[in-house]
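Hello,

Here is the structure I promised to pass on to you. Have a look at it first, and then read on for what I found in it.

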Amino acid sequence: MNRTAFACTLIGLATVSAAETFPVTEDAVFTFQGEEIVISRTSVIAPATITALTQISATCAAPCLSPMTITENVATLGELDVIQFLSSKVETGDGLLVDARNPDQRTGGIIPASVNIPATTVSPENPYRNEIIMALGAEQFEGIFDFSEAMSLVVFDAGPATQDAQTLIFDLLGAGYPPEKIAYYRGGIQVWTTLGLTTAEAPQ
Amino acid sequence: MIRTTIALFAFALVLCGLIIFRPFADGEVNTADRLGAPVDIEVTRAVTTDIEALVRATETATTPTAVVEAPRRVDVARPDTDDTRLSDMTNNVLAELGFAGVEPVTTNSQLQRQSTSDILAGIEAATGQHSVLDEHDSFEAIVIAALRAGETDESIDRIVNDAAANGVAVPEILVTSDGRVDTSVMLANIVTQAQMAAGAAAPAIPEVSPDDVQGMEVRVVQRANDDVEARFYTVQTGDSLGAISIKFFGVITHYEEIFEANKGLLSSPDRIRVGQRLVIPQI
């Protein structure tokens, strides 16, 4: 009953002032780099933003839609799971929200507390691949990685119609990263933004 | 007639009897005994090891068994490569050596390094864990140092190949069919690009014929309107894609056309093997 009243109040407020923000969940508040970040929903999303985000990628000729499960043992997450991950593992420093897009795509806005690791940089062709994997908490001994201390990762990209997150995940798995430490947020920035969830500016 | 019938009947009777009674079977297998009577087996450790048994066991283990050798392609070890273009690298070598009018460019290798350090900075900002990007000499720096020191061609070849053996990535088109770094192409290209920077024209396309180029073949292919000369080249020991480009076109830059024309054969420009028959495209 209380909830209904609350929801009705919210709807009422929303009609009064157009651009109202809503709290998503109680735990959608976390500390990252010493700053408190709140994930909320806004009721108004600029049509230009949606247009920009839903542009079909020129690099992908086929429909390019990502499957729901990209590979066995790698979980696919929704927005609430991502927020839960941010307020638990990312806050404690045990996890990292990874943005697999190219740095230039991030100028339009990022998911707060996400870190950029462009898709192709973990491919075996990159001579600096090992340095990136070690920065994720893996230990290297005589060319073999130990992932027991490695961070949990949630990987996303532009949205369900791009393959960057999958490329990154497959390259990480190829390097030996344990699948149970990787999850895939299929919605990506496209779904995140169109839901009106808080975005941040990419750090310079 | 009746005799035959009786004989056949008797034969059938005997056959039936044989099937039913099985007088020659080696006794029925007793299903109850199939698993054998339960016997207590105790596993113990002897105080002293039975050396002889151990020796015998290892002998049988190491006796070679007939192994069927699968036919496999013998491939040579190749130096590491990166996406740096030889022309970019040469340009930077000339710029570093102070050639007038040559501005340094950012090579793909430097871009990769830059993007990696950006990624590491991002991760560090999020986790507070500091990670270092190893400072190792680039191929470019090694070539510059060798040229500055006035080394001979032979010693440059040795320095460059030692560096490649230690994991320094080299441009793809310098990798030869026997897994070395083609120093002569690298040096020839430095000279060519230096001359071009000084205002000289690009080297002319050399006249080649199968008489003076080993491994070259010319075939006349008939088309609807005219006859086209198709040129082929069989890769020799020590050839790199850069060397083949210079051989047929005078400059390294046409390696791309050669590579494109032979994509079915070459997975990447550094995977060139002795005996491969390459199509030499018309430019």
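Two residues are in contact here if their C-beta atoms, placed from the backbone, lie within 7 Å. With that in mind, the contact takes 17 residues from chain A and 17 residues from chain B. On the side of chain B that touches chain A, helix α4 (residues 108-127) of chain B gives the most, with 12 residues. The residues on that side of chain B divide into 7 nonpolar, 7 polar and 3 charged.

Some housekeeping before the rest. This is a predicted model, in which local features need pLDDT of at least 70 and side-chain atom pairs count only at pLDDT 80 or more, while totals for chains, interfaces and linings use all residues. Residues are numbered from 1 along each chain as its sequence is written, and chains are lettered from A and ligands numbered from 1 in the order in which they are written. Helices (H or I, at least four residues) and strands (E, at least two) are DSSP runs, numbered from the N terminus.

Chain A

There are 6 helices and 11 strands in chain A. Its mean pLDDT (the predictor's confidence in each residue, from 0 to 100) is 84, and 85% of its residues reach 70 or more. One stretch to treat with care is residues 12-17 of chain A, where pLDDT stays under 50 and the model has 3 contacts beyond four places in sequence. Where pLDDT is low, the predicted coordinates should not be read in detail.

Of the 204 residues of chain A, 33% count as buried. A residue is buried if 20 or more other C-beta atoms lie within 10 Å of its own, exposed if 12 or fewer, and partly exposed in between, with C-beta atoms placed from the backbone. Among the contacts in chain A with a separation of 6 or more, 66% come from residues 24 or more positions apart.

Chain A has an open sheet of 5 strands with parallel pairing, in the order β5-β11-β10-β6-β7; two strands pair if DSSP finds at least two bridges between them. At its edges stand β5 (75-77) and β7 (114-116) of chain A, each with a single partner strand, so one side of each is left without a neighbour in the sheet. Within the sheet, 5 bridges join β6 (residues 95-99) of chain A to β10 (residues 152-156) of chain A, and the two run parallel. Asp99(A) stands opposite Phe156(A) in β10(A). Helix α3 (residues 79-92) of chain A packs on this sheet, touching β5, β6, β10 and β11 (182-185) of chain A, and its direction makes about 135 degrees with that of β6(A). Axes are lines fitted to C-alpha atoms, for helices over the stretch in contact, and angles run from 0 to 180 degrees between N-to-C directions.

Chain B

The open sheet to look at in chain B has 3 strands in the order β3-β4-β5, with antiparallel pairing. Here β3(B) and β4(B) form a hairpin with 4 residues between them, and 7 bridges join these two strands. Gln222(B) stands opposite Asp227(B) in β4(B). On to the next pair: β4 (residues 227-234) of chain B and β5(B) are joined over 4 bridges, and Phe232(B) stands opposite Val279(B) in β5(B). How many of the 7 residues of β3(B) are buried? The count is 0, and the strand is hardly covered.

Among the helices, α5 (residues 139-148) of chain B has Phe139(B), Glu140(B) and Val143(B) buried. Seen down the axis of α5(B), the buried residues fall within an arc of 100 degrees, so they line one face of the helix; the arc is that of the directions from the helix axis to the C-beta atoms. They pack against α3 (86-96), α6 (153-165) and β2 (170-171) of chain B.

Finally, find Leu133(B) in the loop between α4 and α5 of chain B. Leu133(B) is partly exposed, with 15 other C-beta atoms within 10 Å. Not counting residues up to four places away in sequence, Leu133(B) touches Tyr128(A), Glu131(A), Thr116(B), Ser117(B) and Leu120(B).

Best wishes

Methods
Ala, Val, Leu, Ile, Met, Phe, Trp, Tyr, Cys and Pro count as nonpolar, Asp, Glu, Lys and Arg as charged, and the others, Gly among them, as polar.
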